[in-house]
Amino acid sequence: MTDATAEQQPDRHSPLHDEHVALGAHLTSFGGWLMPLRYTSDLAEHRSVRAAAGLFDLSHMGEIEVAGPQAAAALDHALVGNLTAVTPGRARYTMICQEDGAVLDDLVVYRLAPERFLVVANAGNADLVARELVARAAGFDATVTDQGADTALVAVQGPRAEEIVAGLTDPADPAAADTVRGMKYYAAAPLALRTDAGDDAGSVDALVARTGYTGEDGFELFVPAGHAADLWRTVLAAGEPLGLVPAGLSARDSLRLEAGMPLYGHELDTTTTPYEAGLGRVVKLDKVSDDGTPLEFVGRAALAARRASAPARVLVGLKGLGRRPARAGYAVVLPGDGVEAGGAVEDSARRVGTVTSGAPSPTLGHPIALAYVTPELSAEGTELVVDVRGRAEPVVVVPLPFYRRPQQS
Amino acid sequence: MTEAQLPAHLQYTAEHEWIDGSEPAVVGITATAADALGDIVYLELPEVGAQVTAGSVIGEVESTKSVSELFSPVTGTVVEVNQAAIDDPAVVNSDPYTDGWLFKVDVVETGDLLTPEQYAAHVGS
């Protein structure tokens with residue numbers, strides 16, 4: 001299941017590797033990095049994020065700066081979104097596509113200043129995205145700088161996250177804590193954060209963003225790699241009394257799945273456009289150049305054609321009615337011919353789709369899955385079957401997200 | 001649980017099962033297997049009355065992230081399964097050698113079994 005090229009390079013270590021080892025983390029290979037899969041229990045870490053807070057090391061993700069007088073125009077050309085429309089201090093979820101409209105990666109782009117953007121890419125695509133941005137920005141007055149090697153990223157996610165991150169600001173600067181508390185979703189600001197639980201007591205200049213991948217409130221903290229360990233220890237010391245625990249990639253996956261969020265390589269890949277995944281909203285076909293003419297961005301023609309035509313498949317949420325979770329790659333079949341309820345799935349069963357992600361839902365207490373199915377089977381309430389290692393597991397189409405956090409007033 | 005607490009009265013297999021010396025014999029999986037899987041959420045066990053063969057796949061142990069095959073350490077007949085573990089598989093993580101037992105079997109013939117020392121060497125602890 002690993003390809004030959006991946007085996008040639010040893011996995012990279014996060015700047016927080018020693019912290020994970022000291023915490024007894026079970027490490028796993030992900031996107032070319034050795035990262036914590038879990039520290040104690042997947043289920044306990046997941047539940048802590050929903051109930052209090054979790055601390056995630058996301059230093060494997062890619063960070064690419066795009067800066068200069070034409071940085072916005074370069075990104076409008078390179079990506080499917082309208083980055084010129086993003087106010088400095090805000091962020092946008094978007095995608096980078098091929099000329100044929102296929103998704104190369106999903107991204108969060110932060111506009112730090114009128115002429116400075118930070119593009120955050122998935123770990124496994126970081127090198128590709130950096131190369132594509134360099135190529136696509138050629139001809140624009142903008143520089144593209146891969147900052148991934150020097151940047152660490154930790155996320156604090158959960159209902160107590162605001163309290164924890166506000167408490168990490170300089171106590172002598174109450175406005176900083178107010179900035180954290182008042183920060184809107186998908187906003188970001190530079191803030192000094194305490195690192196006084198680390199060996200090198202002091203502070204670090206961080207980019208603090210109210211973004212995340214769990215369906216809870218939370219913050220992502222970008223810092224220079226050399227300060228990562230000190231910050232990590234300080235966040236743990238500040239957060240543990242409030243219920244914060246370190247959380248690994250297993251919990252990250254079950255949390256994002258409950259929140260109905262796609263994972264590149266599962267719901268998104270080079271066989272999908274944003275439209276099949278239900279994310280057509282990120283494609284801004286109406287973005288225009290300075291002179292008001294439609295802006296030519298990479299993939300525009302193919303995406304416009306895809307939007308105008310009937311989809312061949314649609315991404316849906318599936319609730320498992322039995323106990324065994326569907327998993328990525330499993331076949332979705334019609335109940336009936338070749339399917340024995342609670343029994344075997346025969347070759348004669350009619351395949352109508354494929355599961356892209358699946359797991360038990362710790363919050364909901366039943367299996368959940370995302371799957372691509374033919375459009376006529378995508379209505380809520382449609383009863384289907386997943387072939388789970390030869391046995392028929394009944395499922396039903398449900399709306400997404402599976403879980404929505406309670407809204408505080 | 002670490003394998004420093006590997007029970008001395010049990011025998012083990014290379015596929016991370018344990019078996020005791022009772023009649024019928026009790027079978028489970030080791031702490032090494034349970035820890036590697038993470039939180040166990042579903043058990044697929046043989047039916048009572050099933051004939052099992054040493055070394056063959058007789059079920060599955062599924063966790064949040066992965067599925068492992070369950071092998072029979074012996075040839076014989078399954079006489080009981082742990083319904084409490086089927087109902088709440090977390091007990092296999094918390095007590096793999098005691099309350100987390102999986103099934104009991106009338107043994108006709110044993111397969112390749114390891115002593116605690118041999119199993120410990122196998123897992124490198």
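Me: How far apart do the C-alpha centres of domain 1 of chain A and domain 2 of chain A lie, and what makes these segments domains?

Reply: The C-alpha centres of domain 1 of chain A and domain 2 of chain A lie 25 Å apart. They are called domains because their bounds come from an automatic or database domain assignment. That assignment gives domain 1 (4–59 + 150–258), domain 2 (62–147 + 261–306) and domain 3 (311–398) of chain A. The model is predicted, with local features needing pLDDT of at least 70 and side-chain atom pairs counting only at pLDDT 80 or more, while totals for chains, interfaces and linings use all residues. Residues are numbered from 1 along each chain as its sequence is written, and chains are lettered from A and ligands numbered from 1 in the order in which they are written.

Me: How many residues does the contact take from domain 1 of chain A and from domain 2 of chain A, and of what class are those of domain 1?

Reply: Two residues are in contact if their C-beta atoms, placed from the backbone, lie within 7 Å. The contact takes 15 residues from domain 1 of chain A and twelve from domain 2 of chain A. The domain 1 side has nine nonpolar, four polar and two charged residues, where Ala, Val, Leu, Ile, Met, Phe, Trp, Tyr, Cys and Pro count as nonpolar, Asp, Glu, Lys and Arg as charged, and the others, Gly among them, as polar.

Me: Why is Leu133(A) called buried?

Reply: A residue is buried if 20 or more other C-beta atoms lie within 10 Å of its own, exposed if 12 or fewer, and partly exposed in between, with C-beta atoms placed from the backbone. Leu133(A) has 25 such atoms within 10 Å and is therefore buried. Leu133(A) belongs to helix H5 (residues 126–137) of chain A; helices (H or I, at least four residues) and strands (E, at least two) are DSSP runs, numbered from the N terminus. Leaving aside neighbours within four places in sequence, the contacts of Leu133(A) include Ile64(A), Val66(A) and Ala78(A). Ala78(A) is 55 residues away in sequence, yet 6.6 Å away in space, C-alpha to C-alpha.

Me: How do you know what the radius of gyration of a compact globule would be for chain A, and what value does chain A have?

Reply: The radius of gyration is taken over C-alpha atoms, and the globule rule is 2.2 Å times the number of residues to the power 0.38. For 409 residues a compact globule would be near 22 Å, and chain A has 22 Å, which agrees. Of those 409 residues, 50% count as buried.

Me: What makes a set of residues a nonpolar core, and which residues have the most contacts inside the largest one?

Reply: Such a core is a set of buried Ala, Val, Leu, Ile, Met, Phe, Trp, Tyr and Cys residues joined through C-beta atoms within 7 Å. The largest has 112 residues, and those with the most contacts inside it are Val66(A), Leu75(A), Val119(A), Val154(A) and Leu221(A). Leu75(A) touches Val66(A), Leu83(A), Val109(A) and Phe117(A), not counting residues up to four places away in sequence.

Me: Why are strands E1 (12–13) and E2 (26–30) of chain A said to stand at the edges?

Reply: The sheet is open, with three strands in the order E1-E3-E2 (chain A) and mixed pairing. Two strands pair if DSSP finds at least two bridges between them. E1(A) and E2(A) each have a single partner strand, so one side of each is left without a neighbour in the sheet. E1(A) pairs with strand E3 (residues 33–38) of chain A in the parallel sense over two bridges, and His13(A) has Leu34(A) in E3(A) as its bridge partner.
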